[in-house]
Amino acid sequence: MNAEPPTTTDADSTVLAFPHRIGVTIDCPDPDSAAAFWERFLGYQRRPHSEGSAYVTVECPESVAGPPHLTFQRVPEPRTGKVRTHLDLFVDHARPLTRQMVAAGASQVSVTDAGEWTTRVLTDPAGNEFCVIGPD
C-alpha cells in the first residue's frame with residue numbers, strides 16, 4: 001500500500017524553520033564524570049542541573065571557539081560499535097594535552113603523522129572517541 005505524500009502550503013515553502021542553536025549530545029554511563037572530564041579540557045562551564053538527572057550540559061564560554069554546548073546523556077547500554085560522530089580538538093601542541101588527558105582517564109587509540117601536524121585518536125573515560133590534532 002502506497003502512502004500519500006504530505007501536502008504542503010505556500011507558507012511551508014516560504015518559511016524555513018532553521019534551528020536557533022545546535023548542540024552535541026554524547027551518550028555515556030555517568031554524565032557527571034563525563035562532564036567533569038570535558039569541563040577540564042575544553043574550558044566549558046557546567047550548566048546547573050538536578051542531582052541524578054539523566055543529562056548534564058557544559059556550555060562554551062565566549063572566549064572559546066566551539067560548539068555552544070555539549071550534553072552528556074545517561075544511557076544503560078555500553079557503546080558497541082564505531083562512533084560515527086566525534087569531536088576534533090585543534091591545538092598548538094598535541095603531545096602535552098594528550099598526556100594530561102590520558103592521566104585523567106582517557107585512552108590513546110592511534111597516532112597518525114600528517115607532516116605539519118599529528119592526529120591522535122583517543123577515547124574519553126566513557127569510551128567515546130575524539131581526536132587531538134596539531135603539531136607535537
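Helices (H or I, at least four residues) and strands (E, at least two) are DSSP runs, numbered from the N terminus. The model is predicted, so local features need pLDDT of at least 70 and side-chain atom pairs count only at pLDDT 80 or more, while totals for chains, interfaces and linings use all residues. Residues are numbered from 1 along each chain as its sequence is written, and side-chain values use heavy atoms, without hydrogens and water.

Pockets were located on a 1 Å grid over the protein atoms alone. A pocket is an open set of points where a 1.4 Å probe fits, with protein on both sides within 12 Å along at least five of seven lines. Lining residues have an atom within 4 Å of a point. Volume is the space filled by probe spheres set on the points, which are joined across faces, edges and corners.

The largest pocket holds about 390 Å³ of space. It is lined by 22 residues, and Ile26, Asp27, Arg79, Val83 and Asn128 are the closest to its centre. Two or more lining residues come from each of β1 (24-28) and β8 (129-134). β1 gives the largest share, 5 residues. By class, the lining has 12 nonpolar, 4 polar and 6 charged residues. Here Ala, Val, Leu, Ile, Met, Phe, Trp, Tyr, Cys and Pro count as nonpolar, Asp, Glu, Lys and Arg as charged, and the others, Gly among them, as polar.

The second largest pocket has a volume of about 310 Å³. Of its 15 lining residues, Leu42, Ala65, Asp88, Leu89 and Phe90 are the closest to the centre. α2 (31-42) and β5 (87-90) each supply at least two. β5 contributes the most, with 4 residues. This lining divides into 12 nonpolar, 2 polar and 1 charged residues.
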